[in-house]
Amino acid sequence: MKTYDIIIIGGGVVGTAIARELSRYRLNIALLEKEEELAFGVSKSNSGIIHPGTQMSPRSLKGKLCVEGNRLIRRIARELGVDFKEVGELIVAFREEEVPQLLDLKEKAGLLGVPKLKIVRPAWLRKYEPHLSREAVAALYAPTAGILSPYRLVYDMAENAAKNGVEIYTRHQVTRITPSGNAGLGGKPFFEVATPTQTFQARYVINAGGLFADEVSALAGVHDFKIRPRKGEEFILDKKKEHLTRHLLFPLPSKTSKGILVIKTADGNPMIGPTAEDGDDREDVATSDEGLRQVLAGVQRMIPSMSADDIIAYFAGLRPVAGDDFIIRHEARVPGFVNVAGIQSPGLTAAPAIALWVLRILKETGLPLKKKSVFHNKRPKTIHLFGIPLSETEKLVKKDPALGDIVCRCEMVSFKEIQGAIERGATTLDGIKFRTRAQAGRCHGGFCTTRILKILADAQGVPLTRVTKKGAGSEIVKEERGHD
Amino acid sequence: MIKRDLVIVGGGPAGMAAAISAYRHGVRDILLLERDQFLGGILNQCIHTGFGLQYFKEILTGPEYAGRFVKDMGGIPDIEVSLRSFVVRLTKDKELTVLKPGVLERIKARALIMATGCREKTREMIHIAGSRPAGIFSAGLAQKLINIEGLLPGKDVVIVGSGDIGLIMARRFVLEGAAVKAVIEIQKETRGLIRNLVQCIEDFNIPVYYRHKIAKIHGNRRIEKVSVVKVDENLEAIPASQFDIGCDTLLVSVGLIPENELIEMAGVAIDKKTNTPQAKALNATSIPGIFVCGNAFKIYDLVDAVSRDSAEAGRQAAKYLGATP
């Protein structure tokens, strides 16, 4: 039986951020993910916003961790070669009566330590956000808001954690957690953690189970919170519309959500949404006609020239809601068990700060933390042709011809990039899409799916019929021709 | 910077007809860029017959039709074909940046013919609600998987839209032993050719639901069923009429869009509704010396007409260059 100091359950942004942070120390760590690939749960539908901390209660844990995470994530992005762009955000008021609410948000954000806030007026807005509706009367400007690719952050943090010794197991859904009584934290293995194929032992278990964090917690005997999925539908526009906004645009927030936003993304395509709808089904990620109507109405209030005709893709994600704040705590009743649950927005931003928070909790419980003599804090930046100037492409393609072999024409993704994604762990078409953007453009894979299918089957040494979109049961083609 | 008299982008039926015609009208320096590793474009996967009736007065398959042009071009040394060549940038001065395995080239053309074809509209463009499982294909992708790769995408098929590719694929799936459960068309009649409706749908007793649309796609990993709903004359759903059809595959055949992103980048005036160049005459654009032909200029029903009109583009380019036959 494999034994670890720490098992992290959940391979989303929270689990991988914790894994990378803990991999600085002399600890044996495993990360277990139930899906076929990392970032296939809550993280895959994250909008990629690095929030400045403007819309949170000054007393909340998530407010504190958001502001801290906004500072920390820049360094992580730099070290891992993830593109981070500080684009800034505008929270827009459309009536003079709403201006006091902006002032209130500014004051609260100021208490949390959000820097450089200012109220801007129509003259500023026309100059710096020219396509914004002329109805806008003022906005709260938070220049420290930024964007990055949420999946690439997860994959790159995981890759870096693995480089530093973390063992990652995908397709390992935890089915049993047995605390083995009173062995004591300093001593022998304390937990047995079972998946359908393997049983592990660990002194500590960290539950970053996202939508299923309550079920994981219940396996360990802690039943006192419930995750309720809150669905958000998002719609992605053609890259041609990138010029329509320069900042992240927010309306004034409502009780349950930040409203319908116009989001800039790391890849250039504007994204609009999300809706916010509470439900029970943790698998239901269907979009709806009603969601589209809501989103369009909200967006056109801000950018009147955005239209449904510009939509090239859409999806829904589920936020793991457990009350108003994050739940991050050591469960005294089950010594060694740490819950990191209810990590909805701003979970991506907060992830690095959550990791440090968890580290502090582990230290408090008496886990000895000794830094490794060598920690690899960097990884080479992954090349994306769409993200580099042609002069650089010219140099690179001479060295590596496969970079000049374009597979995905809409997003300009080369054979080399797809091969690289597979080498770094992609095993599905969605995994390749999230890492490279191949199949994510305006033709939606109409032209390139066949070739990617073949590249993946080749790399895995399996028949084409075994290649999946997102894991077992989602095979792309049913069978070869002429078979019964 | 490499200088060329005429550069043609696209090696499908339009680009090949334009190249041959430009040569016949006196152009002696022709470079044809094709991003795939073969000439012929989409014809390569159209293994059904019905091509060439007007142009060659013969009934040919797609590959046979393309093969005639490939052969003709092969006999003309003044046409240089560059495969696996992907144009990444185009300027109004007809400067092209071309990416190939191993090299990025800059080419300045005196005249340019864009024969970039079209792409299929997707499920996302018509905003079909529901989940996003495996098993949803554009009709053209399914055609490529079956005809080129020898794979059967699925066995219980629903087709949304009655464009020609969808109709042809209905028959193709039946011939491969799959069940085609329904064709769903929001209009009150087919948007494909009548001969395709008769030969591919009626002859195989495939039910067509006119004035219906797909309300929702179901299934998490693989598509399991679609909800179908009748629409009124304003194309609005009539909720009480909703019913489900089980399937493991959904083909989307709801129309084609000309691929004109490159000339748009160069500053050619584009009609936003049709994604075609705003043109006063056949194959013309707002920039003198940049011509557009084939499905990039407008969506054609028949390849024969593409060949005819693209040959005209070759003549127009020759005239622009001052060439004499």
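Start by selecting Tyr65(B) and Phe69(B), which are four residues apart in helix α2 (residues 62–74) of chain B and therefore separated by about one helical turn. Helices here are DSSP runs of H or I, at least four residues, strands are runs of E, at least two, and both are numbered from the N terminus. The model is predicted: local features need pLDDT of at least 70, side-chain atom pairs count only at pLDDT 80 or more, and totals for chains, interfaces and linings use all residues. Residues are numbered from 1 along each chain as its sequence is written, chains are lettered from A and ligands numbered from 1 in the order written, and side-chain values use heavy atoms, without hydrogens or water.

Now look at the burial. Tyr65(B) is buried at 0% relative accessible area, and Phe69(B) is buried at 5% (buried is under 20%, exposed over 50%, partly exposed in between; 1.4 Å probe, protein chains only).

Next, show all of α2(B). Its buried residues are Gly62(B), Tyr65(B), Ala66(B), Phe69(B) and Met73(B). They cover an arc of only 90 degrees around the axis, so they sit on the same side of α2(B) (the arc is taken from the directions from the helix axis to the C-beta atoms).
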